[in-house]
Amino acid sequence: SPALPLLGLSIGDGCGHTLLTPQSGTLSSRNYPGTYPNHTTCRWRLRTPPGTFLLLTFGDVDLEPSEHCAQSSLLLTDPQASISYGPYCRNAVPATPLLVTNSSTVTVLFNSTSHRSGRGLLLSYATTQHPDLVSCLVRGTHYTQEHIRGDWDGGEPCPPTIPMCFSVYCPAGCKDIDGDIWGNPSQGYRDTSVLCKAAVHAGVIADEQGGQVTLAREKGITLYESAFANGLHSKRGSLSEKRLLFHKGILPISPQMKPWFWQPDPVPPLLPSCHVPLPACADVLEVAAFNASSWWHEVDALGQDRAWGAQRAALSTTGHSWAAEPGSEAAWLELDLGTRRNITGIITKGSSEQHDYFVRSYRVSSSRDGKNWRPYRGSNGQEDKVFEGNTDSHGEVSNAFIPPIVGRYVR
């Protein structure tokens, strides 16, 4: 009924990773991509807004074969149109990777009996407003020169020296799906990386929301460095023929903390349809003043006092950083940007100056006047977002603000 919230549901002991939103989502069987359990079931109800139709992509359907898929099966039903799709298993797979329905509601049913093998299933969905929906398992190598060749103005093919760009729609929920990524937002990513997971790592989309991703395939580099960003670890990788560069606007801070913020270019330049600008953070935001709930007055072995004051929190500061007074609770660091700014991400770093200090997690609040504070809740807006911070005192960790923060003060 119209009074029901537009939320998907999952019921059963065979449900695995599940993230369902009104616009897109991802679901898998229990243990995926390991062997799914015996004698288990899961029922998911997918719902999108009225007036929209569901589009589903089968990332993986690996259920042990049997006659009429009687032993293990995936069945989709459209209650509005009284239509069923399936049952599917290894000897009766979906005819195409994309299924277009004529309904805003679909029920997905997974059943298993005794079996010996099978990864189970992985499925994602969006509305038909996003016909370029891809699976969480798609890698950058899927997009060859032929897939993404565009045209210059006038219809002439792009020269091979011009970076090829393309756009896909990544569903919500790809972050925790098995798959490797190599590289980082500044260098780009090895093209063997799973695309949507790399987009979350790069801060282009929020995993809880998904979204449109625009990127280019450019010449690869000799070495891709690892990084921890937006709750994901990437790997260190060797030479590849091509690399993926995401087009984005994104902000950076370091604890114990040294902060550094950035904002996107306000208006990207007009470019040919097959050319994409380099991924740029644009301007690093200057901090006019620092403040903190407290700071540590260290007394060394010689009796000399050293203040770990708030002004030492800038990411570029050498030596010791800011640290709250030992034992203090609900400590905070405040940054005054001098004027209202559009803040799209943050970088944090610990202090390895004599002490192995770093912040493991934190919340963010913002203010336009320094008096009234609003907690940052991310794209779902339901509860205060807790950001994953550092795991050591020397590495930098970046987190994106999706949507951006607009304000003068950040705490």
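Me: Which strand does β5 join through eight bridges, and how do the two run?
Reply: In this predicted model, β5 is linked by eight bridges to strand β10, residues 120-127, and the two run antiparallel.

Me: Which residue of β10 faces T57?
Reply: T57 stands opposite S124 in β10.

Me: What about β8, how many bridges tie it to β5?
Reply: Three bridges join β5 to β8, residues 98-100, and this pair is antiparallel. In that pairing, L56 stands opposite L99 of β8.

Me: Is β5 mostly covered or mostly open?
Reply: Mostly covered. The strand spans residues 54-62, and eight of its nine residues are buried.

Me: Now the inside. How many residues are in the largest nonpolar core?
Reply: That core has 27 residues, and V168, C170, V213 and F246 have the most contacts inside it. At least two residues each come from β11 (164-170), α2 (195-201), β14 (211-219) and β19 (242-246). The most comes from α2, with five residues.

Me: Why would such residues gather there?
Reply: In soluble globular proteins, nonpolar side chains tend to be buried together.

Me: What does V168 touch?
Reply: Not counting residues up to four places away in sequence, V168 touches D132, V134, Y143, L195, G211, Q212 and V213.

Me: And what is in the second core?
Reply: The second core is separate and has 25 residues, including L20, Y36, L54 and L121.

Me: Last topic, Y409. Where does it lie?
Reply: Y409 is in strand β30, which covers residues 397-410.

Me: Buried or exposed?
Reply: Y409 counts as buried because its relative accessible area is 13%, and the cut-off is under 20%.

Me: Which residues does Y409 contact?
Reply: Leaving aside neighbours within four places in sequence, the contacts of Y409 include E334, L335, D336, R368 and W373. The Y409 side chain also makes a polar contact with the side chain of R408, at 3.4 Å.

Me: How far is Y409 from T339 in space?
Reply: They are 8.4 Å apart, C-alpha to C-alpha, and 70 residues apart in sequence.

Key. Residues are numbered from 1 along each chain as its sequence is written. This is a predicted model: local features need pLDDT of at least 70, side-chain atom pairs count only at pLDDT 80 or more; totals for chains, interfaces and linings use all residues. Side-chain values use heavy atoms; hydrogens and water are left out. Helices (H or I, at least four residues) and strands (E, at least two) are DSSP runs, numbered from the N terminus. Buried means under 20% relative accessible area, exposed over 50%, partly exposed in between (1.4 Å probe, protein chains only). Contact means heavy atoms within 4.5 Å. A polar contact is a pair of N or O atoms within 3.5 Å; within protein, one must be able to donate a hydrogen and the other to accept it, and residues adjacent in sequence count only if both atoms are side-chain atoms. A nonpolar core is a set of buried Ala, Val, Leu, Ile, Met, Phe, Trp, Tyr and Cys residues joined through side-chain atoms within 4.5 Å. Two strands pair if DSSP finds at least two bridges between them.
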